[in-house]
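Colleague: I would like to go through a model with you, one feature at a time. Please give the general idea, then the case at hand.

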Amino acid sequence: MFETTIARESSAEGVGLHTGVRSHVRLVPAPAETGIVFRRIDLDNFPIEAQGHNVALVSYATSLMKQGVLLSTTEHLLAAIYSCGVDNVYIDIDSIEIPILDGSAEPFMQMLGHSGIRRLRRKRRYLKVLRSLEVSQGDRRIGIYPAHEFRVRCYVDYPHPLVGQQEVEMLVGPDTFRHLLARARTFCFERDIEPLRAMGLIRGGSLENAIVLTRDGVMNGPLRFPDEFGRHKALDLIGDLALAGLPLLARVEAHKAGHSLHTRLVSRLLADPSLWTITTRETSRSHSETYVPALSQAPAPAAD
Ligand SMILES: [Zn+2]
């Protein structure tokens, strides 16, 4: 297996979910061993590597910060790039937050589809996990375990008739990501909107870029999947795991986790080199793709 970049540039524009600031984002081909690097083109192309040591505040979205330069809401774009096996790319952005677009990773998959993948000459390096690591906080937990391929299992449980318990388990790759996760959108609870606004968040939020859950239903249906919420959380998880900086050979299990636990896991993993090794050896991959559908007992709305 060889490293990759994109074959040609692609771009998109829109508002940031939390800042409400309009920005343009452009994917640009990058040479081998660059990794995934954001460049703030409004600040002299200041580079911010998509790596664990640049993680800043993490609450309702994942933000990176380097030398005081901030970049918010990286997770959906990184999930698409990482799942598609793009090792090297510059992400040029002219503002502080990646556009939320429709709240899913689908528009970023379209950008990547337009860009295409180009193989480079250098052998791809993987971060292969050798020993398990778990991080927990109350009843929320996340663990990473040795495996010969990159798998995730993501479990959520929200006390809401349309959500409840939902679980996704999958081998991460371009096809599984495209079919199972990419279209799943961000969501929030109607009761949280005013408190979040009061905190200066979701200034760019609208019914066009987030599913809003009311007390017993959804304000802006139809859902794209009956278990769109669990799928979106798995998408977020993969986007945060991209901050490992290399493709993972590991199995990750998240139980009611979120950005904070995801990024803590990545930071602790990278901080302890006894937990992993870097290898160029392609390991045997099974092509099994499994998906465990929603466990929710509630009647599910029809998917569109
Ligand atoms: Zn998200």
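Predicted model: local features only at pLDDT ≥ 70, side-chain atom pairs only at ≥ 80, totals over all residues.

Colleague: How do strands of a sheet pair in general?

Modeller: Through backbone hydrogen bonds, in either a parallel or an antiparallel sense. Here, an open sheet of 5 strands runs in the order β2-β3-β9-β4-β5, and its pairing is mixed.

Colleague: Which are the edge strands?

Modeller: β2 (10-15) and β5 (46-49), each of which pairs on one side only. On average, neighbouring strands of this sheet are turned by 25° against each other, direction ignored.

Colleague: In what sense do β3 and β9 pair, and over how many bridges?

Modeller: Strand β3 (residues 22-29) and strand β9 (residues 89-93) are antiparallel, with 5 bridges.

Colleague: Across which strands does helix α2 lie?

Modeller: Helix α2, residues 106-115, lies across β2 and β3. Its direction is at about 160° to β2.

Colleague: Now A184. Where is it placed, and is it buried or exposed?

Modeller: A184 belongs to the loop between α3 (174-181) and β16 (187-189). Buried means under 20% relative accessible area. A184 has 0% relative accessibility, so it counts as buried.

Colleague: Which residues does A184 touch, leaving out those up to four places away in sequence?

Modeller: G103, S104, F225, E228, R231, H232 and L235. As for L207, 23 residues apart from A184 along the chain, the two C-alpha atoms are separated by 14 Å.

Conventions
Residues numbered from 1 in each chain as written. Heavy atoms only, no water. Helix = DSSP H or I, 4+ residues; strand = E, 2+ residues; numbered from the N terminus. Buried < 20%, exposed > 50% of the residue type's maximum accessible area, 1.4 Å probe, protein only. Contact = heavy atoms within 4.5 Å. Pairing = 2+ DSSP bridges. Axes fitted to C-alpha atoms, helices over the stretch in contact; angles between N-to-C directions.
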